[in-house]
Amino acid sequence: MNKRKLRLDKYGISNKRYKELCGFCEQYPEWLEELKSNTDTVKSAGVSGMPASSSGIADPTSALARRRAELQKRCELIEQTAIQADADLYPYIIRSVCYEEPVRYLQTIKGMACSTAAFYDMRRYFFYLLDQNKKM
């Protein structure tokens with residue numbers, strides 16, 4: 001898939017940092033799927049013949065809760081940053097940066113009422129805000 005490369009020089013974001021932020025956003029669908037599907041801690045106990053060690057996870061419920069909290073935090077970071085970039089068009093920003101849907105598709109099929117140039121400006125601003133919010 002051809003992906004338009006954004007120029008983020010004026011925001012002080014290097015190409016490497018932009019790729020890192022893109023990779024972070026592209027994991028969003030996986031995180032949502034894991035949050036939906038990974039809710040059960042009931043699993044069979046592993047039998048190894050060795051006593052439980054302090055390095056192993058003794059409480060699968062707390063491990064699952066920590067994992068789910070981390071995934072929720074990451075998803076909320078992306079969602080809140082998209083809302084911060086533009087509250088009206090945030091679903092389209094998420095579709096573009098997380099699901100890699102092209103702007104033309106968002107305009108013609110999904111009904112986004114925004115010009116291509118304005119949307120790319122908004123996308124750049126989203127990555128600027130995400131860069132700032134991830135540093136905190």
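Entry 1, ground rules. I worked with a predicted model, in which local features need pLDDT of at least 70, side-chain atom pairs count only at pLDDT 80 or more, and totals for chains, interfaces and linings use all residues. Residues are numbered from 1 along each chain as its sequence is written, and side-chain values use heavy atoms, with hydrogens and water left out.

The core holds 32 residues, and Cys-25, Ile-78, Ile-93, Met-112, Phe-119, Phe-126 and Phe-127 touch the most other members. Helices (DSSP runs of H or I, at least four residues, numbered from the N terminus) giving two or more residues to this core include H1 (15-26), H3 (60-85) and H6 (116-135). H6 gives the most, with 7 residues.

I checked how their axes (lines fitted to C-alpha atoms over the stretch in contact, with angles from 0 to 180 degrees between N-to-C directions) are placed. The axes come within 11 Å and cross at roughly 75 degrees, so H4 and H6 are roughly perpendicular (65 to 115 degrees). In contact terms (heavy atoms within 4.5 Å), Tyr-92, Ile-93, Ser-96 and Val-97 of H4 meet Phe-119, Met-122, Arg-123, Phe-126 and Phe-127 of H6.

I noted Leu-71, Cys-75 and Ile-78 among the buried residues of H3. The buried residues of H3 pack against H1, H2, H4 and H6.

Definitions and conventions: Core = buried A, V, L, I, M, F, W, Y, C linked by side-chain atoms within 4.5 Å. Buried < 20%, exposed > 50% of the residue type's maximum accessible area, 1.4 Å probe, protein only. Parallel < 35°, antiparallel > 145°, perpendicular 65-115°, else oblique.
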